[in-house]
Amino acid sequence: MTSSRSPVPRPPRRDDPRMQTVEMAALRYVEITESETLDSGPVHEESMPWRTALLVAAGGAAGAMLRFSLTVLAPTVTTPTLVELPWATLWVNLLGCLGLGLLNGVLEVRAQRPWVQPLLGTGLCGGFTTFSSVVLEGSAMIGADFPVLAMAYTIVTVVVCLSGIVLGLIGGRRLARWQQARRAAGAERTA
């Protein structure tokens with residue numbers, strides 16, 4: 001026995017009310033005016049996703065090459081009986097976190113071009129830092145029967161990198177405000 005009911009037409013997937021979630025709304029491009037941001041910072045014009053992806057890739061490639069260069073200059077020896085502290089990885093992560101904090105501190109105060117954050121923040125600093133190497137090197141230390149050294153190295157890395165981000169943010173904000181005050185003073189002298 002077959003039913004003679006006709007299929008109910010369904011709305012297109014995008015118009016389906018069950019698909020109206022916060023995540024789906026975030027995927028839609030909506031023009032935002034400055035008054036709608038509640039003074040949350042500078043409004044950047046949207047760039048094309050492929051352009052952003054290329055900026056991140058270029059910055060990531062440069063960051064990874066810088067990290068590789070530093071690890072070649074200061075190699076770490078890890079064998080079953082000998083473990084050296086991986087100084088290159090610690091310095092890379094500290095410098096990357098400091099740079100990312102500095103960049104974000106400056107960007108909080110000053111409006112920048114929309115390509116700066118993807119290229120320098122996500123790309124360069126993201127490609128330069130390597131927290132996966134901290135895990136790998138810590139695992140090698142534990143495997144070589146140096147668990148206390150592995151724990152100390154991990155804790156020092158986290159503390160140093162968080163401190164680098166905080167110091168970078170504070171320094172970046174101060175630097176950007178100092179530059180703004182200097183420009184304002186220069187503009188007053190010329191006027």
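Helices (H or I, at least four residues) and strands (E, at least two) are DSSP runs, numbered from the N terminus. The model is predicted: local features need pLDDT of at least 70, side-chain atom pairs count only at pLDDT 80 or more, and totals for chains, interfaces and linings use all residues. Residues are numbered from 1 along each chain as its sequence is written, and side-chain values use heavy atoms, with hydrogens and water left out.

**Exercise 1.** State how many helices and strands the protein has.

*Solution.* The protein contains six helices and zero strands. Along the sequence, this reads α-α-α-α-α-α.

**Exercise 2.** Determine whether Thr-89 is buried or exposed, and list its contacts beyond four places in sequence.

*Solution.* Begin with location: Thr-89 lies in helix 3 (residues 87-109). Next, apply the accessibility classes: buried means under 20% relative accessible area, exposed over 50%, partly exposed in between (1.4 Å probe, protein chains only). Thr-89 counts as buried because its relative accessibility is 4%. Finally, take contact as heavy atoms within 4.5 Å. Leaving aside neighbours within four places in sequence, Thr-89 touches Thr-130, Ser-133, Val-134, Glu-137 and Tyr-153.

**Exercise 3.** Classify how helix 5 and helix 6 cross.

*Solution.* Axes are lines fitted to C-alpha atoms, for helices over the stretch in contact, and angles run from 0 to 180 degrees between N-to-C directions. The axes of helix 5 (residues 131-143) and helix 6 (residues 147-190) come within 7 Å and cross at roughly 160 degrees. Helix 5 is therefore roughly antiparallel to helix 6. For reference, angles under 35 degrees count as roughly parallel, over 145 as roughly antiparallel, 65 to 115 as roughly perpendicular and the rest as oblique. On the helix 5 side, the residues that meet helix 6 include Val-134 and Glu-137; among their partners in helix 6 is Tyr-153.

**Exercise 4.** Classify the pair formed by helix 3 and helix 6.

*Solution.* The two axes come within 6 Å, with a crossing angle of roughly 30 degrees. Helix 3 and helix 6 are therefore roughly parallel to each other.
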